[in-house]
Amino acid sequence: MINLIKKSKFLIARRITQITIMFLYIAANIWGFNFLMGNLSSSKLLDTVPLSDPYAVLQMFTAGAVIASDVLIGAIIIFVFYMFIGGRAFCSWVCPVNMITDLSNYIRRKFGFNKILKRQPATRNIRYYVLVLSLILSFFMGYAAFEFVSPVSMVHRGLIFGLGFGWAAIVIIFLFDLFVLKNGWCGHICPIGGFYSLIGRFSLIRVHHNHENCTACMKCKEVCPESQVLFMVTKDSIPVTSGECTNCGRCVEVCDDDALNFSIKNLKKETK
């Protein structure tokens, strides 16, 4: 039992974080508890500190909206946090859709779906195309285009205010990731992940690979939702530099060789 908890420490921490954030939003809506109010697009911490989704604000700006000062400050706070500290951690530590896609990925591994279709039929660059398209549509339509149809917003607001169409988004994403494309939504299509991938490449917190300890078991690549970022496994002792890494920690958990661990960017090299 203890070993199982140790092997799932980051997974457990992520679920606690995701559920706690959801609970705080729900508590604010139902009981007026003002620790964290609003939703993932726009929030207030302690009824004072504004927090805004920089991608949503970028869409609003592109659409020609006048951005309020508190919304702009909130977007800057989130932008700076993920750029220099969190990386793409929003996708694995905050977003509620991650729990749905993780479940799909777990079932795919358990039932051997990944062995049936080893070659992915789609490029991961789709998310960047969707990102650019959302900004173009926002410009011509005059409102935040992706926010209008975002499954992430549907699920999150649904959990807070009542699911409604949120159920449909949950089922569609779950089935799509399970039967159509491995890590289909988060790893290929979602422009939010694309946005945080672009700014997350500068993050200080990195997964570092130690080539000398690696026994080439490949467990890390099996569980990683962005396995392409682990190109150095069995080859070199370097950190994961790609912003597409979600910092979920699954590779660190499953590695029995202590070949993968979190570190601070550049500090690993300096302390050798």
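This is a predicted model: local features need pLDDT of at least 70, side-chain atom pairs count only at pLDDT 80 or more; totals for chains, interfaces and linings use all residues.
Q: Why is Pro-50 called buried?
A: Its relative accessible area is 14%. Buried means under 20%. Pro-50 therefore counts as buried.

Q: How far is Pro-50 from Ala-145, in sequence and in space?
A: The two are 95 residues apart in sequence. From C-alpha to C-alpha, Pro-50 and Ala-145 are 23 Å apart.

Q: Why is the pair Phe-33 and Phe-35 called stacked?
A: The ring centres of Phe-33 and Phe-35 are 6.5 Å apart, and their planes are at 20°. Pairing needs centres within 6.5 Å, and stacking needs planes under 30 degrees apart. Both conditions hold, so the pair is stacked. The structure holds twelve aromatic pairs.

Q: Are Phe-33 and Phe-35 buried, exposed or partly exposed, and why?
A: Phe-33 has a relative accessible area of 41%. Phe-35 has 36%.

Q: What makes the pair Tyr-82 and Phe-90 edge-to-face?
A: Their ring centres are 6.3 Å apart and their planes are at 90°. Edge-to-face calls for planes over 60 degrees apart. The pair is therefore edge-to-face. Tyr-82 and Phe-90 also belong to one aromatic cluster, which includes Tyr-55, Phe-81 and Phe-146.

Q: How do you know whether Tyr-82 and Phe-90 are buried or exposed?
A: Tyr-82 has a relative accessible area of 7%. Phe-90 has 9%. Buried means under 20%, so Tyr-82 is buried and Phe-90 is buried.

Q: Where does the largest nonpolar core lie, and why?
A: This core has 49 residues, and Phe-90 and Leu-230 have the most contacts inside it. Domain 1 (1-200) and domain 2 (203-262) both give residues to the core, so it lies between them. Phe-90 touches Leu-40, Tyr-82, Cys-95, Ile-192 and Tyr-196, not counting residues up to four places away in sequence.

Q: What makes Arg-201 lie over the face of Phe-202?
A: Arg-201 is at 5.8 Å from the ring centre of Phe-202. The distance limit is within 6 Å, and the charge must also be within 35 degrees of the ring normal. Arg-201 counts as lying over the face of Phe-202.

Key. Residues are numbered from 1 along each chain as its sequence is written. Side-chain values use heavy atoms; hydrogens and water are left out. Buried means under 20% relative accessible area, exposed over 50%, partly exposed in between (1.4 Å probe, protein chains only). A nonpolar core is a set of buried Ala, Val, Leu, Ile, Met, Phe, Trp, Tyr and Cys residues joined through side-chain atoms within 4.5 Å. Domain bounds come from an automatic or database domain assignment. Contact means heavy atoms within 4.5 Å. Rings of Phe, Tyr and Trp (its six-membered ring) pair if their centres lie within 6.5 Å; planes under 30 degrees apart count as stacked, over 60 as edge-to-face and the rest as tilted.
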